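This report concerns the architecture of one protein model. Please view the sequence and the structure together before reading on.

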Amino acid sequence: MLGRMTISTRTLGSAAHGTALTVGSLGLGCMGMSEYYSATNPTTDEESIATIRRALDLGVTLIDTADMYGPFTNERLVGRAIAGRRDEVVVATKFGNERDESGARLGINGRPEYVRRCADASLQRLGVDHLDLWYQHRVDKTVPIEETAGAMAELVAAGKVRHLGLSEAAVPTIRRAHAVHPITALQTEYSLWSRDVEAEILPTLRELGIGLVPYSPLGRGFLTGSIRSTADLAEGDYRRTTPRFADDALAQNLRLVEVVRAVAERVGVTPGQLALAWVLAQGDDVVPIPGTRRVRYLEENAGADAVRLSPEDLAELGAALPPGAAVGDRYADMGPLNA
């Protein structure tokens, strides 16, 4: 139990570009509170709300959602949780993965008129008068990024959005969007078993003064050591459809977890805390957003802020889990990524 202790802060973006955004060193991903991670004993909305409010108590200020989660229900849930505490929250949400009320997927949409509608709809569902950080969730390859970013910039000028972000965008797209309006953060998957960002994207972000917000920093829960086979995943859990969690790949990937477990035991932390501490050690411009629906896991994750890994620990982990070490793709369909 962390009591009233709060985590440290970091800055996304750049003061030089007018995009500096101060947040807690870790954020909270809220997707799983509404969808994707089915569980035998699912949490209630009340438990999820308690988790978000406890996050704020701990200084976990970056609360991450998206219009597609639910769909639409996750933004409403976050809105209920932050009611009365707006000045403590950095509200981050996303648009671009279009779904209807039934949950049907309608594709990726970056058309300016859609962008404008999404902003207003997210504001209404969240019950706020502005979005602190607003990402294009996936890049629409049929619409020039300049048109999408231009529409997003209009919302900044209108006072409806404070900071702009991209998610899973390629280096040329990042540069082109940043030329239209300075980008504060890029969100992408980054963890000990997903290190592709290090080759080109992370150096580009640092050149441009853009922060990195890693999602799935615990490898979708795999790096905690709690998943030993697909039998550990509930029916309906979307991880069952991803290549890295297929039986053959999972068996091979377990060797990576054993390295994390062994180093964590030596350091005196949990495997999850070690995995998060490694991500945090990659730079002060990196703010991971591990997701959880339960207060006890939130508090465990927040404890990673105090973990300081030695150069030897970092070298051991880096050598044992180099880029490309994980077996299997991150998603069954990699087409929409790195666009």
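The sections below treat the basis of the model, its sheet, its cores, its helix packing and its backbone geometry.

## Basis of the model

The model is predicted, and local features require pLDDT of at least 70, side-chain atom pairs count only at pLDDT 80 or more, and totals for chains, interfaces and linings use all residues. Residues are numbered from 1 along each chain as its sequence is written, and side-chain values use heavy atoms, with hydrogens and water left out.

Helices (H or I, at least four residues) and strands (E, at least two) are DSSP runs, numbered from the N terminus. Strands are said to pair if DSSP finds at least two bridges between them.

## The parallel sheet

Seven strands form an open sheet with parallel pairing, in the order E3-E4-E5-E8-E9-E10-E11. Strand E4 (residues 62-64) runs parallel to strand E5 (residues 90-95), to which three bridges join it. Within this pair, Leu62 is placed opposite Val90 of E5.

Strand E10 (residues 185-189) pairs with E11 in the parallel sense through five bridges, and Gln187 is opposite Val213 of E11. Five of the five residues of E11 are buried, so this strand is largely enclosed by the rest of the structure. Here, buried means under 20% relative accessible area, exposed over 50%, and partly exposed in between (1.4 Å probe, protein chains only). Gly211, Val213 and Tyr215 point one way from E11, while Leu212 and Pro214 point the other way.

## Nonpolar cores

A nonpolar core is a set of buried Ala, Val, Leu, Ile, Met, Phe, Trp, Tyr and Cys residues joined through side-chain atoms within 4.5 Å. In soluble globular proteins, nonpolar side chains tend to be buried together. The largest nonpolar core has 86 residues, of which Leu28, Ile52, Ile63, Trp134 and Ile174 touch the most other members. Another core, of 15 residues, lies apart from it and has among its members Leu12, Ile289, Tyr331 and Leu337.

When neighbours within four places in sequence are set aside, Ile52 is in contact with Leu28, Cys30, Met33, Ile63, Val78, Ala81 and Ile82. Contact denotes heavy atoms within 4.5 Å.

## Helix packing

Axes are lines fitted to C-alpha atoms, for helices over the stretch in contact, and angles run from 0 to 180 degrees between N-to-C directions. Helix H5 (171-180) and helix H6 (residues 201-208) have axes that come within 10 Å and cross at roughly 15°. H5 and H6 are therefore roughly parallel to each other; that term applies to angles under 35 degrees, with over 145 roughly antiparallel, 65 to 115 roughly perpendicular and the rest oblique. The residues making the contact are Val171, Ile174, Arg175 and His178 of H5 and Ile201, Thr204, Leu205, Glu207 and Leu208 of H6.

Helix H1 (residues 45-57) packs against helix H9 (residues 295-302) at an angle of about 25°, with the axes 9 Å apart. H1 is thus roughly parallel to H9. Ala50, Thr51, Arg54 and Ala55 of H1 make the contact with Val295, Leu298 and Glu299 of H9.

## Backbone geometry in two loops

The loop between E4 and helix H2 (73-82) contains Pro71, and the peptide bond from Gly70 to Pro71 is cis, with omega near -5°. Phe72 lies in the loop between E4 and H2 and has a positive phi near 75°. Phe72 is buried, at a relative accessible area of 12%.

Glu168 lies in the loop between strand E9 (161-167) and H5. Its phi is near 55°, a positive value in a residue other than glycine, and Glu168 counts as buried at 3% relative accessibility.
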